[in-house]
Every structure is written in C-alpha cells, then in structure tokens.
Amino acid sequence: MTTSLLPIEIATRLKLVTAITDRVGSRVHYQELPQSSTYPHIWFTRTGVDNEPFLGGETGITDESFSLEIVSDTDESTLLDSVIETLENLDGNVGDGVVFMTQVEDQSDDYFFESDDGDADYRHALRITITHDGEM
Amino acid sequence: MAKKKKLGHQTKVLVNATAVGFVLEFERNEVTRELTEVTDLESVAVENLDSDPPDYGSISITCAHDPEDTGDIAIETFYLNDDIDEREATIALKVPASRSGTAPSASTVTYTTITYTGRITSLKDSTVKSRDLLTRVIKMKLNAKPVKS
C-alpha cells in the first residue's frame with residue numbers, strides 16, 4: 001500500500017460529488033475490490049511514480065499515475081463526465097505538498113480491465129497523471 | 001589510492017554564503033591557457049607554448065526559480081547593484097567527500113568545498129511551459145583559481 005496521500009485524496013474528492021455518489025454510493029475502491037461490491041463501481045490503482053531528484057537530494061517534481069475504471073450494467077456517460085471534471089480540478093494543497101495539475105485521458109483501446117467480472121455492459125478506463133511538488 | 005567514483009547526488013551549492021536549494025545542475029569551469037606558436041627554422045614540428053596566467057573559465061548553476069523566493073530575489077538584487085565593487089561574487093560547491101554510518105541509519109556526509117570567485121555575468125530565466133519547472137541559470141566568470149578546502 002502506498003504511503004502517498006493521493007489515493008485518499010482522489011477517493012475523498014469523488015465521494016463529495018453528488019452526481020457520482022448517486023450512482024456508486026461508497027463504491028469507490030482503491031486497489032482492492034470487495035467481493036460484495038455491486039455495479040456501478042469505480043476502482044482505481046496507482047500505476048507509477050516518476051520523479052528526478054535535485055542535485056542536493058531534494059525530491060523533484062513528481063508525476064504519479066493512476067488507472068481508474070468505471071464498470072456498470074448501464075450507460076454511465078454522465079457519471080464519467082462528473083468523474084473527469086472532478087479529477088481535472090484536483091489541484092492545490094494536499095497534506096504538506098502542492099498538486100500543480102491533474103491530467104485525465106482515456107486509456108488506449110487495448111487496456112485490460114481488472115475490476116470487471118467479464119459480464120459488465122459498460123466499461124470505461126481513464127489514465128490519470130497527477131503532477132505535484134514531491135512534498136506529500 | 002583515493003576513490004574516484006563519485007555521483008553528483010547530495011552536492012550542495014552556496015551563492016555568497018547562502019545555500020541555494022533545488023539545484024538541477026552545476027556546470028564546472030574549464031581552465032585554459034592561450035597558445036603561442038614558437039615554431040622556428042630548426043623545429044621538426046609545429047611548436048606551441050602555453051602562456052600565463054591561465055583563464056579559469058566560467059561556471060553556471062541551473063536551479064528551480066520562484067519569483068517570490070527571498071533567496072532568488074537576493075541574487076537578483078546583488079547582480080543588479082550599480083556599485084561595481086559590490087558585485088564580486090563567491091560561489092561554493094560542496095562535493096560529497098566521504099560517507100560514514102551503517103544502514104539502517106542514514107549516512108553522514110562530509111564535504112570538500114570548492115570556492116569560486118568572480119563576476120556574475122548573466123541571470124537567464126527559463127521559458128515558461130505548462131509541464132516544465134521554472135528555472136534560472138546563473139553564470140559566473142571566474143577571476144581567480146578556485147580554492148579547495
């Protein structure tokens with residue numbers, strides 16, 4: 001489990017949005033997918049961290065990448081739009097650090113879904129890159 | 001025999017005795033001497049002699065730059081001072097010399113300090129781009145041999 005504060009921040013921000021909780025309730029899962037979870041759900045995981053330290057050893061600007069899946073039995077275009085808008089506005093102070101920007105893009109067509117059981121009628125995956133100052 | 005394998009990691013930089021954080025790179029100087037050709041009729045090859053004194057070249061520091069940072073402002077104020085006597089600058093480079101301590105404790109670093117004196121010749125701020133760190137390059141022409149301590 002990562003010590004980064006960003007997974008908690010992502011889940012917290014998503015759960016503050018009515019348009020999102022109306023559809024998924026509290027089913028915003030990080031890394032683990034509870035067996036009892038039902039559709040629709042949001043599942044995400046951290047896929048990478050990239051930073052180059054400064055000469056003196058200080059942590060450099062850090063890019064943290066996440067993969068986020070929305071899985072459902074019905075069309076969730078509205079939920080998707082809310083998730084994208086919420087995450088694109090993720091910036092500012094988080095813990096002791098500062099998030100400079102968040103980029104949200106679609107995953108490529110050959111992306112392998114991890115949080116669906118193969119029967120879902122609607123699946124959408126996002127690639128999220130959060131750029132911060134490395135202090136959180 | 002002294003160990004020769006060193007990384008730049010944990011090198012510290014001071015400008016006018018004030019530590020500069022978030023340095024990306026430190027370009028060190030090249031020492032050169034002018035060559036004068038002294039080939040004569042009895043030479044079997046072109047001959048040159050190197051002259052005195054040597055030119056100690058220039059150094060440059062590339063570091064993160066924040067327009068509101070007091071340290072960055074201090075360097076600007078220093079460089080833009082109208083009084084020529086107030087603009088002789090000192091830049092110190094502290095290179096890790098040795099490390100002591102045993103894991104899991106973090107190591108303690110002792111440094112060799114190289115002190116450069118000269119004239120700052122330029123402050124160049126980086127192009128502003130969405131995903132790039134704001135940086136500044138400070139260049140200094142050396143007026144004396146660097147001192148090691």
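Here is a friendly conversation about how some features of this predicted model get their descriptions.

Me: What makes the six strands of chain A an open sheet, and in which order do they stand?

Reply: The order is E1-E2-E3-E6-E5-E4, with mixed pairing. At the edges stand strand E1 (28-30) and strand E4 (92-94) of chain A, each of which pairs on one side only. Neighbouring strands of the sheet are turned against each other by 35 degrees on average, direction ignored.

Me: How do you know that E4(A) and strand E5 (residues 97-106) of chain A pair?

Reply: Two strands count as paired if there are at least two bridges between them. E4(A) and E5(A) have three bridges, in the antiparallel sense, so they meet that cut-off. Across this pair, Asn93(A) stands opposite Val98(A) in E5(A).

Me: Which strands does E3(A) pair with, and over how many bridges?

Reply: E2(A) and E3(A) are antiparallel and share ten bridges, one link being that between Ile42(A) and its partner Ile70(A) in E3(A). E3(A) and E6(A) also run antiparallel, joined by eleven bridges. There, Ser72(A) stands opposite Tyr122(A) in E6(A).

Me: What makes E3(A) a mostly covered strand?

Reply: Ten of the eleven residues of E3(A) are buried.

Me: Why is helix H1(A) called largely enclosed?

Reply: Seven of its ten residues are buried, so H1(A) is largely enclosed by the rest of the structure. The buried residues are Leu6(A), Pro7(A), Glu9(A), Ile10(A), Ala11(A), Arg13(A) and Leu14(A). H1 (residues 6-15) lies across E1, E2, E3, E4, E5 and E6 of chain A, at about 45 degrees to E3(A).

Me: And where does helix H3 (residues 77-88) of chain A lie?

Reply: H3(A) lies across E2, E3, E5 and E6 of chain A, and runs at about 5 degrees to E6(A).

Me: How do you know that the length of H3(A) agrees with what a helix should span?

Reply: At 1.5 Å a residue, the twelve residues of H3(A) should span 16 Å, and the C-alpha atoms at its ends are 16 Å apart, so the two agree.

Me: Which residues of H3(A) are buried, and which are exposed?

Reply: Leu79(A), Leu80(A), Ser82(A), Val83(A), Thr86(A) and Leu87(A) are buried. These residues cover an arc of only 165 degrees around the axis, which puts them on the same side of H3(A). The face turned away from that buried side carries the exposed residues Thr78(A) and Glu85(A). Among the elements covering the buried residues of H3(A) are H1, helix H2 (18-24), E2, E3, E5 and E6 of chain A.

Me: Why is Asp75(A) called exposed?

Reply: Exposed means over 50% relative accessible area. Asp75(A) has 55%, so it is exposed. Its place is in the loop between E3 and H3 of chain A. The C-alpha atoms of Asp75(A) and Pro40(A) are separated by 9.8 Å, while the two residues are 35 residues apart along the chain.

Me: Why does Thr110(B) count as partly exposed?

Reply: Its relative accessibility is 40%. Partly exposed covers what lies between under 20% for buried and over 50% for exposed, so Thr110(B) belongs in that class. Thr110(B) lies in strand E8 of chain B. Not counting residues up to four places away in sequence, Thr110(B) touches Val95(B), Pro96(B), Ala97(B) and Ser98(B). Ser98(B) is twelve residues away in sequence, with 5.4 Å between the two C-alpha atoms.

Me: How do you know that strand E7 (residues 88-100) of chain B pairs with strand E8 (residues 108-125) of chain B?

Reply: The cut-off for pairing is at least two bridges, and twelve bridges join E7(B) to E8(B), which run antiparallel. Pro96(B) has Tyr111(B) in E8(B) as its bridge partner. E7(B) also pairs in the antiparallel sense with strand E1 (residues 12-15) of chain B, over four bridges, and here Lys12(B) stands opposite Lys94(B) in E7(B).

Me: What makes up the contact between chain A and chain B?

Reply: Eleven residues come from chain A and 14 residues from chain B. Together the chains bury about 1,100 Å², 60% of it on carbon and sulfur atoms. Phe54(A), Leu55(A) and Gly56(A) supply 57% of the area that chain A buries against chain B, more than any other three residues.

Terms used: Residues numbered from 1 in each chain as written. Chains lettered and ligands numbered in written order. Predicted model: local features only at pLDDT ≥ 70, side-chain atom pairs only at ≥ 80, totals over all residues. Heavy atoms only, no water. Helix = DSSP H or I, 4+ residues; strand = E, 2+ residues; numbered from the N terminus. Axes fitted to C-alpha atoms, helices over the stretch in contact; angles between N-to-C directions. Contact = heavy atoms within 4.5 Å. Expected span 1.5 Å × (residues − 1). Buried < 20%, exposed > 50% of the residue type's maximum accessible area, 1.4 Å probe, protein only. Arc of directions from axis to C-beta. Buried area = accessible area lost by both parts, 1.4 Å probe.
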